[in-house]
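My entries follow in the order in which I looked.

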Amino acid sequence: MAVYRGFDQRELDREYSPSSKVADFDAELAAYADQSRRARQELRGHRELRYGAAAPELLDYFPAGPGAPLHVFVHGGFWQELGKEDSDFPALDFVPRGTAFAAVGYGLAPEWTVEQITGQVTAAVRWLVEHAAELGADPDRIVLSGSSAGAHLAASALLDERLRGRIRGAVLLSGVYDLQPVALSYVNQPLALDPDRARRLSPQYAAPEALAGLPPVVLALGEHETDEFGRQQAEFAETLRENGVPVHELLIGGRNHFDLVFDLGKVGTVLGAGVEALWRS
């Protein structure tokens, strides 16, 4: 029996299981942890800066000298896994080139609802914008990025009117912008989304006035992704363009849902070049 867009339950669950496209899922996550540990060992940084009163409302910050641009990253994990401690690794590429880096921490489901998680990430981005100068970064040169569920959270933060005009650009990797199929899949067990909440929380269905005036957006997808992640990116790109948002879509050869993020700050990669172009926009 079809559950969504002709997919039966098994097929839909597979479409929202990006690990089905990788040879060794555990090795992918281990690489996050190992490289993040290396970043904390090798780079000077202010870790566990508090942006809110709740226990998970912390971020890691790596400075890069006075007046440096700032790259803010929101991790994925389907709103229920991983943490900022697994997300420090891009600093290894950004900081030596003079770009400060921040990894945002937030609460995880089921302890926290998707609404609460979205609010936390938005609050973290606002805190960084407001405190960038104190941290030694340039508040006029902030790029926001996120991967997978982190792309959803970053996109949701962009829609906050208090951040309008404060973010230079966004980089959204392998994102989920329509939560309706997520609510019908195995992913929803700890999220407990109903159809109304899933649609309301979807950047894909944001009001035109919220989308208009957003900064330039890079949307990137790995070559080895499920069809649904490709559809999600294509449809969100179309929605952004319809509302006048500059969009640059990328399909990165040889990369999958998990290792794509390693190109985020790397010189000589297609994704790295797309990120650099945002500073010139």
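**Entry 1: Gln-120**

I began with Gln-120, which lies in helix H4; helices (H or I, at least four residues) and strands (E, at least two) are DSSP runs, numbered from the N terminus. I note that this is a predicted model, in which local features need pLDDT of at least 70 and side-chain atom pairs count only at pLDDT 80 or more, while totals for chains, interfaces and linings use all residues. Residues are numbered from 1 along each chain as its sequence is written, and side-chain values use heavy atoms, with hydrogens and water left out.

Is Gln-120 buried or exposed? I found Gln-120 buried, with a relative accessible area of 3%, where buried means under 20%, exposed over 50% and partly exposed in between, for a 1.4 Å probe and protein chains only. I then looked up its polar contacts (a pair of N or O atoms within 3.5 Å; within protein, one must be able to donate a hydrogen and the other to accept it, and residues adjacent in sequence count only if both atoms are side-chain atoms). The side chain of Gln-120 makes one with the side chain of Glu-57 at 3.3 Å, and the side chain of Gln-120 also reaches the backbone nitrogen of Gly-107 at 2.7 Å. Not counting residues up to four places away in sequence, Gln-120 touches Tyr-51, Pro-56, Glu-57, Tyr-106, Gly-107 and Trp-112, contact meaning heavy atoms within 4.5 Å.

**Entry 2: the sheet**

I traced an open sheet of eight strands with mixed pairing, in the order E1-E2-E4-E3-E5-E6-E7-E8; two strands pair if DSSP finds at least two bridges between them. Its edge strands are E1 (46-50) and E8 (247-256), each of which pairs on one side only. Strand E2 (residues 58-62) and strand E4 (residues 100-104) run antiparallel and are joined by four bridges, and within this pair I found Asp-60 bridged to Ala-103.

**Entry 3: the cores**

Which residues have the most contacts inside the largest nonpolar core? They are Tyr-61 and Trp-79, in a core of 66 residues, a nonpolar core being a set of buried Ala, Val, Leu, Ile, Met, Phe, Trp, Tyr and Cys residues joined through side-chain atoms within 4.5 Å. Helix H4 (residues 114-135) gives the most to this core, with 10 residues. I also noted a second, separate core of 29 residues, which includes Leu-43, Phe-94, Leu-250 and Leu-271. Leaving aside neighbours within four places in sequence, Tyr-61 is in contact with residues including His-46, Phe-101 and Leu-128.

Helix H9 (residues 227-242) lies across strands E6 (169-173), E7 (217-224) and E8, and runs at about 160° to E7; axes are lines fitted to C-alpha atoms, for helices over the stretch in contact, and angles run from 0 to 180 degrees between N-to-C directions. Among the buried residues of H9 I listed Glu-228, Phe-229, Arg-231 and Phe-236. After H9 comes Gly-244, with a positive phi near 80°.

Arg-5 sits in the segment before helix H1 (9-15), and, neighbours within four places in sequence aside, Arg-5 is in contact with Glu-228, Arg-231 and Glu-235. The side chains of Arg-5 and Tyr-4 are joined by a polar contact of 3.1 Å.
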